[in-house]
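Trainee: Could you take me through the aromatic rings in this one, up close? I'd like to know what they pair with and what sits over them.

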Amino acid sequence: MSAVTGAATDVRTQAPHPAPDVLPPLAIYIHIPWCVRKCPYCDFNSHAAPEALPVDAYVDALLADLDADLADAPETRDVCSVFFGGGTPSLMPGTAIARILDGVRQRLAFAPDCEITLEANPGTVEHDRFESYRAAGVNRLSLGVQSFDDTALHRLGRIHDAAQAVHAAAAARAAGFDNFNLDLMFALPGQTERSALDDIDQALALGPTHLSHYQLTIEPNTVFAARPPALPDHDLAWGMQEACQARLANARFAHYEVSAYARAGRECRHNLNYWQYGDYLGIGAGAHAKRTHAGAGIERRWKVKQPRSYLAHRGAPGRIGGRQWLAAGEIPFDYALNALRLHRGFALADFEARTGLPREAIARALHDGRARGWLDVSATTVSPTLHGRNFLNDVLELFLVATPVADRRIPATIAESVRESVA
């Protein structure tokens, strides 16, 4: 385990070896930390918005943050994707999003087909704002619908209703977005299998190209953790999941990742870069990053979470909440935590190229995973079986090669980095 695991402010200055010689693709994650109000189930880095957002100051801080990251390690790679996550990025006006993207383009080259996604809450968008996002260069939206049942939305603490969700999808299309995701949750308080399927049907009727469909879980340090609602039992939740998966398959949405479904060719490229162990810069309060330094090592870095502190340290070293250089024994787990989310798994050659390790480094994990029926392993590829996908945490523990058996658990800093980066 790294010396910095569990210690957010520790910095290891010397990178360990081995390390990849060829750099993977590069993406950018931009975190907007404010929401109108925080939902009771949410444990992401989000904060209730002040009466007046410090829009200009925050944009200045984002660009200063990027400048400082690039001063630490210059980049020559084209940016393959940009993702505005939160929080609620749609609280920001289109002019601010344009200024951010223009600033990033001045510093880094964008690939011609760069995917640029912005998360939006149906309760915080208007038609002209969608048009301004489109004009700024955003070409993909992700709408946080969660449900089309007004009672369920109220229980979840959402600020929008079903009608606003439908309106938001229509407004996105009218503004020229032909590529958008809808976020849905299942196993909600009081939900039945029929109402879960109704949510899927209403979502499909809006013509999305992508759906995120994930189970409501009770996370520590949330309102729901302190006052848990009554949730469907395991069997009912499992039945909902299977029924919804079948409905989406019938609608020709491919289930390509744990909680992601897409029309052919419409997989989220930004998230694919995460799962395929690509690199990404992370700017903004609480943003995480992963960078491969050729011949030096793989670094994970995260910024301070509190917006006030982030703004106060505009571009200065104090904006960094912590950093972790991955030791050779930590990399197999870090890679598997990402790559095994994909149903198609990974190529062994890609493991070697992205980690700088030989495939023999994971030979024991692959042997044990195949013996237990969790992994399909060929001479060239590794993929989780259906049984393995259902017990993914157990599969991942096989890759914790650097820790004693009695202490094999997901390293907190790595798990948080992966989770928050796709918020």
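Predicted model: local features only at pLDDT ≥ 70, side-chain atom pairs only at ≥ 80, totals over all residues.

Mentor: Searching the whole structure turns up ten aromatic pairs. Take Tyr29 and Phe83: their ring centres are 6.3 Å apart and their planes meet at 20°, which is under the 30 degrees cut-off, so we call this pair stacked. What I like here is the sequence distance: Tyr29 belongs to strand β1 (residues 26–32) and Phe83 to strand β4 (residues 79–86), so the pair links distant parts of the chain, 54 residues apart. As for solvent, Tyr29 has 1% relative accessibility and counts as buried, and Phe83, at 4%, counts as buried too.

Now go further along the chain. Tyr277, Tyr335, Phe346 and Phe351 are joined by ring pairs into a cluster.

Last, have a look at helix α13 (residues 363–371). Its buried residues include Ala365, Leu366, Asp368 and Gly369. The buried residues of α13 pack against α12 (348–355), β16 (375–377) and β17 (381–384). Just past the end of α13, Gly373 adopts a positive phi of about 80°.

Methods: Residues numbered from 1 in each chain as written. Heavy atoms only, no water. Phe/Tyr/Trp six-rings, centres within 6.5 Å; stacked < 30°, edge-to-face > 60°. Helix = DSSP H or I, 4+ residues; strand = E, 2+ residues; numbered from the N terminus. Buried < 20%, exposed > 50% of the residue type's maximum accessible area, 1.4 Å probe, protein only. Contact = heavy atoms within 4.5 Å.
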